[in-house]
Amino acid sequence: MPAESAAGRLSFVTLQQFLDQLPPLLKVLHDGGSGGQLLRWVEPSELEDPTPYLPEGEFLLTAGLPFLGDGGSPANVDAYVRRLVKAKVAALGFGIRPYFDAVPDVVVDACRRHNLTLFEVPESLPFAAIGLEFSQLLETDNARVFRQLAEANRQLMRAVLSPKPEHELLAALVQRVPVWAVMVGADGRVRARGTSAGGSTAVDLSLLEPMLERLLSGRGPRVEMDGFDQPGSALVVGHPLRSTKDANLGALILGSDVPLTPAQNNVVQSAVGLLELLVRQRTSGSLAPSQLATAVLLHPESLTTGSTRHLNGLKDLLAQSVSSTRSAPVRVVQGIKAETPEWPAGDSPVRELLQWRRMFDTKLVEITDYGFAAVTRLKVDDALLADVEKLGWRLVIGEPSELTGLPAAYQRATSLRSQVRRSGNSVRADEVSWSVTGLLGREAGTLLAERLLGPVLALDPDRRDPLLAVLRGWLSENGSWDGSAKLLGLHRNSVRRQIGVLGELLQVDLNQAQVRAELWIALQYVDGLTTGPG
């Protein structure tokens, strides 16, 4: 695909893009053709074998320490380079001095033999400067990609609200991602097409029949792949479009000559999700617009931000959808079936949907895999809650929220669903203790304690309990030796010794803040695990 046709598309930092930002001091000793490869990080290492610690696409820097003495033998150098190639290192940068005045010939020969891109890094260009330059470039590129993703999602949402949403959505997709696209219904007939900016069109539908058969007969989330010897079709990927009960409602098939970047795949997944919503809504007739609007409002990536006039218009639409005459705070309500999160056999989602719309006086109801979600102006008083619970349901009742706060309100309600399932009781978000232990719950907290503190809990009580007391005291004093020694009535050296024992038993680095935080949370649940014998 020509470079000019990719302008404005979602991309990433390549090795060549990074090199273009560096001072022209690096000397290419061997070009392995990796300039277009995704560059994930720049890392200096003097280990004899750094590959266990390297992600794919690394630019590795070394001052040559691994090649001193026997490490510089042809066999050892060859093995070193082979390991880098196997780990898919993008390039090797060899720093001049303090160990070598020039890149050893044996290293150059090995890189040529295994086709690993090799640079000579002069003494005047510190490794730290190279790493800093990459970090700054990556930050700049990430910001650009995030802006492009936001605009791509806005464009997809505008397409969904158009008179021909499927056609417009595919047109928006191929404008942002270098693919051709074909949407096929459950009957195998083409419902919409999108032609890539490069002019490539979909292959003959007959060639896609085997893939379509797999897509329309399989189950669960999956991706089918194929390829054809035609322009724009070297890589063909198929995504099923499924109902909430995993019925196949159609498929989206995309073709390209090159693999997509992570950002481009993000846009594709957004398009697949929106197409699934569209085909699901079609099966519900005139109820489709309200369900789709609900899905858009409840998911952050779908809620567009615009002018004050635009937002006020959305607020008016929201008010009308919840049977209100003016813009006012609303609540997100999530319903969970008490016995099982699945729909009862033979029950009609349309009948259920109409029931929730009536009970919560709103058109904004979405049927979900766990039950339903609704946006309502009602406070959901005890009388309404009792009526819902008589039907075998439990609710998460969200806090009052404005339009722009709905995604966050939905996420807070979602975080409480597991608590409802565990307790079997409905929950009001404004009555919940929003702490880690409050949200985690006894069952999950006990499991965490068993996993993190298992080696200590397995000890005899006369050894276990003092260790747990020292750990609790030390963590409560934020790792202060003097503070914890005073709290525990021990000498600071005793505290140091026992914390060292705990680190070895638990096989964790107690200097890490995350480790300390997780252990502190786990300690809140050990009481029930340390009662009784042993």
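Helices (H or I, at least four residues) and strands (E, at least two) are DSSP runs, numbered here from the N terminus. Just after one of them, helix α16, Gly489 takes a positive phi of about 75°. Keep in mind that this is a predicted model, where local features need pLDDT of at least 70, side-chain atom pairs count only at pLDDT 80 or more, and totals for chains, interfaces and linings use all residues. Residues are numbered from 1 along each chain as its sequence is written, and side-chain values use heavy atoms, with hydrogens and water left out.

Let's stay with α16, which covers residues 481–488. At its start, a side-chain oxygen of Ser480 comes to within 3.0 Å of the backbone nitrogen of Gly483, a polar contact (a pair of N or O atoms within 3.5 Å; within protein, one must be able to donate a hydrogen and the other to accept it, and residues adjacent in sequence count only if both atoms are side-chain atoms). Gly483 is also buried, as are Ser484 and Ala485; buried means under 20% relative accessible area (1.4 Å probe, protein chains only). The buried residues of α16 pack against α15 (461–476) and α17 (492–506), with contact meaning heavy atoms within 4.5 Å.

Now for the sheets. Five strands make an open, mixed sheet in the order β12-β13-β11-β14-β15, where two strands pair if DSSP finds at least two bridges between them. β12 (365–367) and β15 (427–428) are the edge strands, each with a single partner, so one side of each has no neighbour in the sheet. β15 runs parallel to β14 (residues 393–397), joined by two bridges, and Ile397 has Arg428 in β15 as its bridge partner. Helix α11 (residues 382–390) packs on this sheet, touching β14 and β15, and its direction makes about 145° with that of β14. Such angles run from 0 to 180 degrees between N-to-C directions, with axes fitted to C-alpha atoms, for helices over the stretch in contact. Helix α12 (residues 406–415) packs on the sheet too, touching β11 (331–337), β13 (371–376) and β14, at about 30° to the direction of β11.

Over at β5 (residues 118–121), strand β1 (residues 27–30) pairs in the antiparallel sense over three bridges, and Val28 has Phe119 as its bridge partner. β4 (residues 91–95) runs parallel to β5, with four bridges, and Gly95 stands opposite Val121.

Zooming out, the protein has 18 helices and 15 strands, and buried residues make up 46% of its 534 residues.

Notes
Buried < 20%, exposed > 50% of the residue type's maximum accessible area, 1.4 Å probe, protein only.
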